[in-house]
Amino acid sequence: MKDELTRREMLLGAGALLTLPAFPAWGRAAVTAPTARVSVGRCMSYGPEVVPTLATMFDQLGGLDRLVRGKTVAVKINMIGVRSQRLGTAPMEETFWTNPVVIGGVVHLLGKAGACRIRVVEGPWSSAETLEEVMYSMNWKPQDILSAADNVEFENTNYLGRGKTYSRLMVPGGGLIYPGYDLNHSYADCDVFVSLAKLKEHAATGVTLSMKNVYGSTPITIYGEGAGVDEPSIRPHGGRGGVFHFARRMPSKSAPQQIDMSLPKDAGYRIPRIVAELCSARPVHLAIIDGVKSATGAETNYGGRPQAAINPGVLIAGTNCVATDAVAMAVMGYDPMVVRGTAPFASSDSMLQLGESLGIGMREMSRNEVVGVPVSQVVFSYSAVRDKILAAAAKKA
Amino acid sequence: MALSTESNPMRWPAGPLEIALREKTKGFTAEKAEVLRNWLDPATLGILQGTPVNCLAVSWASGLAADADQQKALKPLIERGRQAGISFVGLIEGEANKPAALAAARAAGLSAVAMEGKAPADAGIPVIPRDAAAQMSWGAASRVLSISDGIWPGIPQDVNQAGGPTNLPWVDSNGAVLRIARAMAPGKGVWIEFDPPQQATALTADAYMLAVADPASYGARWVVSLDDGLRADLTAKKQPALDTWKKIAGMMAFFQEHKEASTYEAMGPLAVISNFAGDDWQRGEEAINLLPRIRQPFRVIARSRAAGASFDGLQAIYYLDPEAPSAALREKLIAFAKDGGILFVPSKWPNPEGPPAKAEPYLLFNVHTLGKGRLAVCKEEQPDVYDSVADIQNIISHRNDQLRLYNAPSMNFFYQTSAQGGKGVIQLLNYSRRPASDGPLFYVKQPHRLARLVSPELASPTELHWDPQEAGGSELSLPKISVYGAVELEN
């Protein structure tokens, strides 16, 4: 893989981001990336404390009113992975998916702050089902979310959905893999975009937080393994791995195509760049990360990996996704400044670093303001859990 | 010994006709021929002692010169077997002289013969129809039918393991064919034939156990067929082969002990109605093959019986055949929809009733409002079967799921209840023959008084703990299962 890296990637990997005279666009972006405030809240369960904790955190960020009053808000939740595959007996909302109590709480507070319409969006794995149906199949009560505020609706963004056409969102500066993306209308028809993610690790990209959550906004009728060749397919089929992770095929020709066909076909190269691009093309106004309960090891249950259901007991929110994810990484016991080769980015580039290079935000902890509970009080080391599982397995063996 | 629907059949390849049939096939060796000769020895019947096998299927006539020698050579085996209470079924195949073969079968004291096509009226001996499922004469007089084109169950090794559009891996199962058989020929004994796959390595005992369990869980019987290596090793009384045979027999005995479940009826909110014949076979069989993979419980109703069938407890009916139903059946189906059900029909449904209703544009069905219910007319004449059943599930909704299965990607399940409804059983088959990393877990909407897991893999039944869910219903966490288990529910 290292042989395939360009000089630019090598320099980035060495952390020489700010000294890239040969790549002025990247250098400029890094210098001008905004700093931001990130709030951390302690929340040990999905009980009644969720809403007041979130309310306090949003107040610490300056209040939701100024962000959402009179606005249409899209909330991208996380329901990725094969839904029938739990981690042990723990339901998906306590391991890999955003918990419905947190979703309902956020929707409630958005409504209370004056949002005029709230659209909860997600592209569940390889499915055209409505989000209500997916929730029913998980024994959730979608009515609890729909009734948490006025004018709440769901949309499965794996396909055209209720839109007449796909919305093209271009990557400022031209992009790293793709110059732009064709997305479900919900991602363009909103004034405020919220990424409501889970505090978890990812098998290919190390972590999957508020930035990586946006990856699932891409319609699989265009970017899925069963996408149409020339035009988007009518129905969504398959995952995004064939197009995004490994470039085994290209998106439907109707969508913006890959900039350079010789780019590496390595998921650790491609996914972080696509994530950074998406967060640049579709800016996240509010990043919220559910770390009340989660899982270690990967974004879903792969079986056989050292994974465990965990209870970090934390909620994280910020108005900048790079800064929020940096704080989240610190909460997980990782240094947000690390690059490829160091955990959690053992075999992938840092999507935070790439986001920073695109001018989205800063990952350096000292450049952002952390409010609420100090990070030191809520650190929950994901790698320590993994080490414990591996040690137990070794002992058993 | 008379043949009955309770008979447990086994293929018993032995004798000169068997050798003649196989000697030109690839990989046939002198050693294999010797085993076929050895299995003529009545002493080999000893392996059946203490097992449920009580019926042997032997090659009887194939239109080859060896036919007469075969019938003669089998005589001692048949005599000894009959003394031991074993019945014999002669297989008449190919260009056999059927009148002569039938006469020889009667003279030899066979309990029945099995042959393709229509049975001769003057056979003078029970004739078991032995046909591919799509060609089966479901209404034949015989109390037993033998489906000749079963498949070795498991996860196919020669296709992409990533799985199909169902998100879950493909599985090879005889379940669809056997569900259809039960609907088309209620009350009859159904046998299904399939041979072990040719492979370089020996088949493991659990592969055979799944081969027994897959048909048996659907109330049918596999005509047990052992691979050459296992038969040779059994003849030589090698311990690993004896152990494998013991496990095969143990699985058969398990189903015999739990045969009450085979009288239960499959339950589900959806009924599939078809005549499952001619051009409609493939579509119907594939729909029924796919429904378990999308975890949609269902019942199968033969079109010929639908007008008299009960639709109680159904939320939806999928009338699958392009041919319109009889006036009486159509009236009944429309009444079902008007009363609140959802009726799915093919594109050729003439003059769809009711005004159009709002529906997701990607759906394969145009939905009409019909009384308290809906009529969903397929938009395409030859729709993709997977998309059809997926959309049927979307329109039915998961809202009222009675059962949901988690952590079991390589498993199929179906739910049956007793006639009075007091007892139920969830049959669970693992086609990977390996337990998943986490044990299977069922969500059950209506908790029962008792839930216990029975399995030949367990020393004794295990009572399961109900874990009530905040949103309603309960969950049952099961121990890991390699091949087969059944959750017995009682109220």
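Author: Happy to, and we can start with Leu234(B), which is buried, with a relative accessible area of 3%. Here buried means under 20% relative accessible area, exposed over 50% and partly exposed in between, using a 1.4 Å probe and protein chains only. Bear in mind that this is a predicted model, where local features need pLDDT of at least 70, side-chain atom pairs count only at pLDDT 80 or more, and totals for chains, interfaces and linings use all residues. Residues are numbered from 1 along each chain as its sequence is written, chains are lettered from A and ligands numbered from 1 in the order in which they are written, and side-chain values use heavy atoms, with hydrogens and water left out.

Reader: Which helix is the place of Leu234(B)?

Author: Helices here are DSSP runs of H or I with at least four residues, strands are runs of E with at least two, and both are numbered from the N terminus. Leu234(B) falls within residues 228–235 of chain B, and that run is helix H8.

Reader: Which residues does Leu234(B) touch, leaving out those up to four places away in sequence?

Author: A contact means heavy atoms within 4.5 Å. Val35(B) is 199 residues away along the chain, yet its C-alpha atom and that of Leu234(B) are separated by 9.8 Å. As for touching, the partners of Leu234(B) are Trp39(B), Ile47(B), Leu226(B), Ala241(B), Leu242(B) and Trp245(B).

Reader: What about H10(B): which of its residues are buried?

Author: Helix H10 of chain B covers residues 280–290 and is mostly covered, with 8 of its 11 residues buried. Those buried residues pack against helix H6 (175–184), strand E10 (270–274), strand E11 (298–302), strand E12 (316–319) and helix H13 (385–396) of chain B. The buried ones are Asp280(B), Trp281(B), Arg283(B), Gly284(B), Glu285(B), Ala287(B), Ile288(B) and Leu290(B).

Reader: Zooming out, what radius of gyration does chain B have?

Author: Chain B has 13 helices and 24 strands, and its C-alpha atoms fill a box of roughly 70 × 50 × 45 Å along the principal axes. The radius of gyration is taken over C-alpha atoms, and the globule rule is 2.2 Å times the number of residues to the power 0.38. For 491 residues a compact globule would be near 23 Å, which agrees with the value for chain B, 24 Å.

Reader: And how many residues of chain A count as buried, as a percentage?

Author: Chain A has 14 helices and 14 strands. Its radius of gyration is 20 Å, close to the 21 Å from the globule rule, so chain A is as compact as a globular protein of that length. Among its contacts between residues at least 6 apart in sequence, 73% join residues at least 24 apart. Of the 397 residues of chain A, the buried share is 62%.

Reader: What is the area buried between chain A and chain B?

Author: At this interface, 27 residues of chain A are in contact with 32 residues of chain B. Buried area is the accessible area (1.4 Å probe) that two parts lose on being put together, summed over both. Carbon and sulfur atoms give 45% of the total, which is about 2400 Å².

Reader: Which residues in chain A lose the most area to chain B?

Author: Three residues together account for 26% of what the chain A side buries. They are Arg86(A), Asn139(A) and Arg235(A).
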